[in-house]
Amino acid sequence: MEGQVVIDRKTKNLVKRLNHHDIAWIHHQDLDLIAAQELFKKGVKAVINSQPFFTGYYPAKGARFLLQHRIPLYQVPSAAFSLVQEGDWLRIEQDGKIVVGEGKVQITCHRLQAAQLEAEYHEALSRSSQPLQSFVENTLAYAMREKEILGQQFSYPPLHVKLKGRDVLIVARGDYYEEDLRILHSYIQAFRPVLIAVDGGADALIHQGYPPHFIIGDMDSVSEEALRTGAQLLVHAYCDGRAPGMERLKALGCSGQVLCLPGTSEDVAMLLAYDHQARRIVTLGTHTHMVDFLDKGRAGMASTMLIRLKLGEKLLDLKGISQIFPVLKEQREIRWGMVGMLVSTLSLLFLPHFRQLLGLLLIQLKLWLT
C-alpha cells in the first residue's frame, strides 16, 4: 500500500486537508468515534498513529469503528512523528515497515488486528468501573466548587435574534449528530427554532440547509464557510479572559463577541438559551457521559451536570434519536405492506373468476372434511 500522507497533531485539523485515498498520520491517543467517522468519510486509504489507538483505560470507539469499516490501522513509535512531513509519499510494506520517499527513512510499524482489538475493547468494558469511579469523584469534587453556577447571573452581549418564548435547537459535534439532525427536519420546519451551533455543529446545519443564527465555541473546528454565513459569532473564552478563537476571526476578517462563562461551549450554549428565556431547549450531539468526556480529554463533567440540573424540564436531549428511527420506519413499512396485501385480497373478491375459484376450493375442502 502506498500514498501521500497528511499529518497533524490535531485530527480535527488534519481532516480538513484530507483528500480521497490519502494516508492520514495522526497523533491521537484513544481515537474517539467522531474523529474516526470523519476520517472514514474522507475516504482515507489507511491511518497511522504515533500515539496508541486504544490504551484500554476506557472503551474508546474510534479504532474499532475504522477496523469495522475495513480501514487499515498502523501503530508507530511516538518519535516517528517528527520523521515525516506533509505531502511525503509513503509505502507500507507487509514486513512491518513504512518507507518514506526514496527509502532514506524507514519506520517500524504494527498493524492492528480486528480480533485482538475487539477482545481488548470488551475487556475495557468489563472493567469500566475503575475509570468511572475516578470520573465520578472528579465530577463531584468540581461540582462542589462550581455549584454557584446554579444561581449565578451571567452577562451576555446583545443578541441579534430574540430567544424569549421560542424553541432553541443546539447542535454539537457528538455521536450521531448529523443523522439526528436529518430526523428533525419536520420539527425544524414546523417550529422554526433558533439554531445555535457549537463550533463544527455549524457545518452540519449548513450542509442540511439550515444556516445557524449563532455559532458558539473556540472556533477551531468550524469551517470558514460557516463563519461567513451571517451567524452571530460568540467566542467562548477561558475564565481568565483569554479567547484564542478571536485570533482566527480577526485573521479571517470576521467580527465576534467574547463569552467568558464556565464550562464547555455546549454548556455555554445551553446557559445562553436558558438565561434568555427560551421556551424549550432541544440538543443534539452534546456530550453526556463518561466516554464522551474522556474522548474530549476531560476527566469529569461537573459544569455539564450542574447546568442540566438548572435547565430542568426545559431541556429535551434528542441525542441518538436516529438510532431508533430506522426501527420505527421498518415497523411502518411492515404495517403498510400488510395493508397493501389486505387491499389486494379484498379487491380480488370482486373479480368473478376469483369468486368461482374460491367456491370450488370451499366445496373441495368440505368433501375432504366429510
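Reader: What do the buried residues of helix H10 pack against?
Author: They pack against helix H9 (224-227), strand E12 (232-236) and strand E13 (257-259). Packing here rests on contact, meaning heavy atoms within 4.5 Å. Helices (H or I, at least four residues) and strands (E, at least two) are DSSP runs, numbered from the N terminus. This is a predicted model, where local features need pLDDT of at least 70 and side-chain atom pairs count only at pLDDT 80 or more, while totals for chains, interfaces and linings use all residues. Residues are numbered from 1 along each chain as its sequence is written, and side-chain values use heavy atoms, with hydrogens and water left out.

Reader: Which residues of H10 are buried, and what puts them on the same side?
Author: In H10 (residues 245-252), the buried ones are Gly 245, Met 246, Leu 249 and Leu 252. They share a side because they cover an arc of only 130° around the axis, the arc being that of the directions from the helix axis to the C-beta atoms. As a rule, an α-helix has 3.6 residues a turn, so residues three or four places apart point the same way. On the other side of H10, Glu 247, Lys 250 and Ala 251 are exposed.

Reader: Why is Met 219 called buried?
Author: Good one! Buried means under 20% relative accessible area, exposed over 50%, and partly exposed in between (1.4 Å probe, protein chains only). Met 219 has 0% relative accessibility, so it counts as buried. Its place is the loop between strand E11 (214-217) and H9.

Reader: And why is Val 258 called partly exposed?
Author: Its relative accessible area is 40%, so Val 258 falls in the class in between. Val 258 is part of strand E13. Leaving aside neighbours within four places in sequence, Val 258 is in contact with Val 235, Ala 237, Ala 243 and Met 246.

Reader: What makes the phi of Asp 199 worth a look?
Author: Most residues other than glycine have a negative phi. Asp 199 is not a glycine, yet its phi is positive, at about 50°. Asp 199 sits in the loop between strand E10 (194-198) and H8, and with a relative accessible area of 9% it is buried. Met 219 is another non-glycine residue with a positive phi, near 65°.

Reader: How do you know that strands E2 and E3 pair?
Author: Two strands pair if DSSP finds at least two bridges between them. Four bridges join E2 (residues 23-26) to E3 (residues 46-49), so these strands pass the test, and they run parallel. Trp 25 stands opposite Ile 48 in E3. Strand E1 (residues 2-7) also pairs with E2 in the parallel sense, over three bridges.

Reader: What makes E7 and E8 the edge strands of the sheet?
Author: The open sheet has eight strands in the order E7-E6-E5-E1-E2-E3-E4-E8, with mixed pairing. Strand E7 (105-108) and strand E8 (110-111) each pair on one side only.

Reader: How many residues in the lining of the second largest pocket are charged?
Author: Nine are charged, alongside four polar and four nonpolar. Asp, Glu, Lys and Arg count as charged; Ala, Val, Leu, Ile, Met, Phe, Trp, Tyr, Cys and Pro as nonpolar; and the others, Gly among them, as polar. A pocket, on a 1 Å grid over the protein atoms alone, is an open set of points where a 1.4 Å probe fits, with protein on both sides within 12 Å along at least five of seven lines; lining residues have an atom within 4 Å of a point. H8 gives the most to this lining, with three residues.
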